[in-house]
Amino acid sequence: MFMGEPATAVQIFRPSPWALAHATFYGDETASATMGGACGYGNLFQNGYGTDTVALSSTLFNNGYSCGTCYQIKCYQSGACYRNVPFVTVTATNLCPPNWSEASDNGGWCNPPRAHFDMSKPVFMKFAQWKAGIVPVMYRRVPCGRKGGIRFSLQGNGYWLLVYVMNVGGGGDISSMLVKGSRTNWIKMSHNWGASYQAFATLGGQTLSFRITSYTNKQTIYAWNVAPSNWNIGLTYSANVNFH
């Protein structure tokens with residue numbers, strides 16, 4: 001227990017009920033088209049997400065607050081389904097934008113208010129024949145099983161800190177974040193986009209700590225002294241805490 005950290009009971013994220021949707025795929029077998037993405041996770045291989053990823057329709061994406069959430073998805077009542085695969089587990093890393101030039105039931109699959117999953121081709125191929133193009137699915141939110149602590153990738157400049165938050169366990173999502181330099185009080189960060197938060201503050205030469213609140217269950221955890229005083233833009237620092 002760190003000094004100044006309130007004692008809290010560990011909250012466990014529980015799966016949601018199953019619901020109906022549809023799934024398509026984008027890109028090819030290399031999943032190169034999934035790199036980067038609206039959540040800002042960059043290289044998904046380097047950052048631990050791999051190819052088991054999905055782009056969410058805007059209804060599910062929730063302005064980026066759903067970045068990092070995890071889903072079990074099972075192919076449902078289609079001849080293209082592989083019967084021996086009960087489900088696949090994916091992480092939301094991207095946005096599938098609306099296509100208003102197409103009807104919602106004929107090409108505009110990600111148009112609101114549809115719940116839709118545009119999967120990487122490798123993960124789609126795990127549970128269905130890719131030539132089907134689109135399959136009905138059942139899906140549910142599940143806890144994200146992450147190894148190690150939350151990771152913070154630092155961008156910005158001397159007066160502006162932009163933090164991409166990765167490897168979040170539990171619900172996988174974040175509703176708010178604060179940063180504290182070793183010579184400052186807690187500074188509220190604003191949601192930039194995707195999984196990034198920003199603070200307009202001069203924090204160079206200070207050890208950085210973060211206070212993170214889960215979007216799903218509102219649990220708050222403290223990541224003390226994550227980045228040393230000689231931290232640098234472009235580097236990623238790991239905490240020793242995570243949600244469950």
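Analyst: A residue is called buried when its relative accessible area is under 20%, exposed when that area is over 50%, and partly exposed in between. In this predicted model, Arg141 has a relative accessibility of 16% and therefore counts as buried. The side chain of Arg141 meets that of Asp173 in a salt bridge, with 3.6 Å from N to O. This pair links distant parts of the chain: Arg141 belongs to strand 6 (residues 135–142), while Asp173 lies in the loop between strand 8 (160–166) and strand 9 (176–181), 32 residues apart. Asp173 is buried as well, because its relative accessibility is 2%.

The space in the largest cavity amounts to about 70 Å³. By class, its lining comprises 8 nonpolar residues, 4 polar residues and 1 charged residue. Domain 1 (19–142) and domain 2 (151–238) both contribute residues to this lining, so the largest cavity lies between them.

The salt bridge of Arg141 and Asp173 is one of 3 in the structure. Another joins the side chains of Glu29 and Lys121, at 3.3 Å from N to O. Here Lys121 counts as buried because its relative accessibility is 7%, whereas Glu29, at 44%, counts as partly exposed.

Notes
Residues are numbered from 1 along each chain as its sequence is written. This is a predicted model: local features need pLDDT of at least 70, side-chain atom pairs count only at pLDDT 80 or more; totals for chains, interfaces and linings use all residues. Side-chain values use heavy atoms; hydrogens and water are left out. On a 1 Å grid over the protein atoms alone, a cavity is a set of points where a 1.4 Å probe fits but cannot get out, and a pocket is an open set with protein on both sides within 12 Å along at least five of seven lines; lining residues have an atom within 4 Å of a point. Grid points are joined across faces, edges and corners, and a volume is the space filled by probe spheres set on the points. Ala, Val, Leu, Ile, Met, Phe, Trp, Tyr, Cys and Pro count as nonpolar, Asp, Glu, Lys and Arg as charged, and the others, Gly among them, as polar. Domain bounds come from an automatic or database domain assignment. A salt bridge is a side-chain nitrogen of Lys or Arg within 4 Å of a carboxyl oxygen of Asp or Glu. Buried means under 20% relative accessible area, exposed over 50%, partly exposed in between (1.4 Å probe, protein chains only). Helices (H or I, at least four residues) and strands (E, at least two) are DSSP runs, numbered from the N terminus.
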